[in-house]
Amino acid sequence: MVGVSTRSSGATKRVRLGPEERRLQLIHLGAEMLADRPLEDISVDDIAKQAGISRGLLFHYFASKQEFHEAIARHVSTEFYAAVMPDRELSLFDMLRDSIERFVDYAIGHSAAYHSVLRGPASRTPDMTDYVNQTRGAIADLIVGELPLPPDDPDLARLTLAIRGWIAFVEETILTWMVEKPISRAALVDLLVESLPALALSPALISALRD
């Protein structure tokens with residue numbers, strides 16, 4: 001374990017972190033830096049300084065700078081995905097609303113990183129682009145998997161394509177809303193929830209889901 005110096009009431013106190021805690025700390029610090037720089041420009045020296053460890057010690061937790069950057073990208077993408085995990089105790093439409101509400105709250109609470117990953121410098125980094133695209137695909141598959149359709153339904157390909165487009169719409173709408181706030185948060189959630197069935201689903205399926 002590694003010690004970290006912190007100051008309290010004029011005294012210096014050593015706080016010790018376990019290996020996994022330290023690794024997560026380094027990843028979180030890297031994710032915070034995405035607010036103003038691309039993934040490839042995240043400095044190992046800056047991260048080590050903020051964490052209160054040596055540059056060499058960082059490579060005790062990550063084999064290379066590339067592995068460290070990949071861990072940051074994976075962490076951000078995992079947070080995106082976790083923010084929309086469905087509560088399967090709810091009905092399908094309530095499940096959708098709950099997921100959208102949590103995703104909106106996640107974007108608000110992590111606005112700088114959210115903007116950077118989708119539109120800022122980090123969005124142009126190949127590793128980050130790959131992880132974000134994988135997450136979008138996973139979210140689309142998650143939504144399709146909740147629909148009451150057989151796996152061999154011929155409409156699934158169309159639905160999956162439409163849902164991928166809807167995810168991009170959700171991301172862009174939230175980005176614009178966070179800057180301009182033209183409507184309330186509740187109205188934003190309504191817009192995002194109502195747009196999915198309007199875009200992707202047939203009237204017959206919408207009726208079946210509401211019953």
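Predicted model: local features only at pLDDT ≥ 70, side-chain atom pairs only at ≥ 80, totals over all residues.
The surroundings of Leu26 can be listed: leaving aside residues up to four places away in sequence, Leu26 touches Ile47, Ala51, Ile53, Leu58, Tyr61, Phe62 and Phe68.

Tyr114 leads on to helix H6, where the buried residues are Ala113, Tyr114, Ser116, Val117 and Leu118. What covers these buried residues of H6 includes H1, H4, H5, H7 and H8.

Helix H7 covers residues 126-146 and has 21 residues. From its first C-alpha to its last, H7 reaches 31 Å, close to the 30 Å expected at 1.5 Å a residue. The buried residues of H7 are Met128, Tyr131, Val132, Thr135, Gly137, Ile139, Ala140, Leu142, Ile143 and Val144. They pack against H4, H6, helix H8 (156-180) and helix H9 (185-200).

The next topic is empty space. Rolling a probe the size of a water molecule over the atoms shows where such space is left. The structure holds 1 cavity of 30 Å³ or more, and the largest cavity has a volume of about 410 Å³. It is lined by 26 residues, of which Leu96, Ser99, Ile143, Trp166 and Leu196 are the closest to its centre. H5, H7, H8 and H9 each supply at least two residues of this lining. By type, the lining of the largest cavity divides into 21 nonpolar, 2 polar and 3 charged residues.

Ser99 has its place in helix H5, which spans residues 92-109. Is Ser99 buried or exposed? Its relative accessible area is 9%, under the 20% cut-off, so Ser99 counts as buried. Not counting residues up to four places away in sequence, Ser99 touches Ala83, Val84, Met85 and Pro86.

Pockets, unlike cavities, are open. The largest pocket has a volume of about 160 Å³. Of the 14 residues that line this pocket, Ala31, Glu32, Glu79, His110 and Ala113 are the closest to its centre. Helix H1 (19-33), helix H4 (65-82) and helix H6 (111-118) each supply at least two residues of the pocket lining. That lining consists of 9 nonpolar, 3 polar and 2 charged residues. Ala113 is one of the residues closest to the centre of the pocket and is also among the buried residues of H6.

Conventions: Residues numbered from 1 in each chain as written. Heavy atoms only, no water. 1 Å grid on protein atoms, 1.4 Å probe; cavity = no way out; pocket = protein on both sides within 12 Å on 5 of 7 lines; lining within 4 Å. Points joined across faces, edges and corners; volume = space filled by probe spheres on them. Helix = DSSP H or I, 4+ residues; strand = E, 2+ residues; numbered from the N terminus. Nonpolar A, V, L, I, M, F, W, Y, C, P; charged D, E, K, R; others polar. Expected span 1.5 Å × (residues − 1). Buried < 20%, exposed > 50% of the residue type's maximum accessible area, 1.4 Å probe, protein only. Contact = heavy atoms within 4.5 Å.
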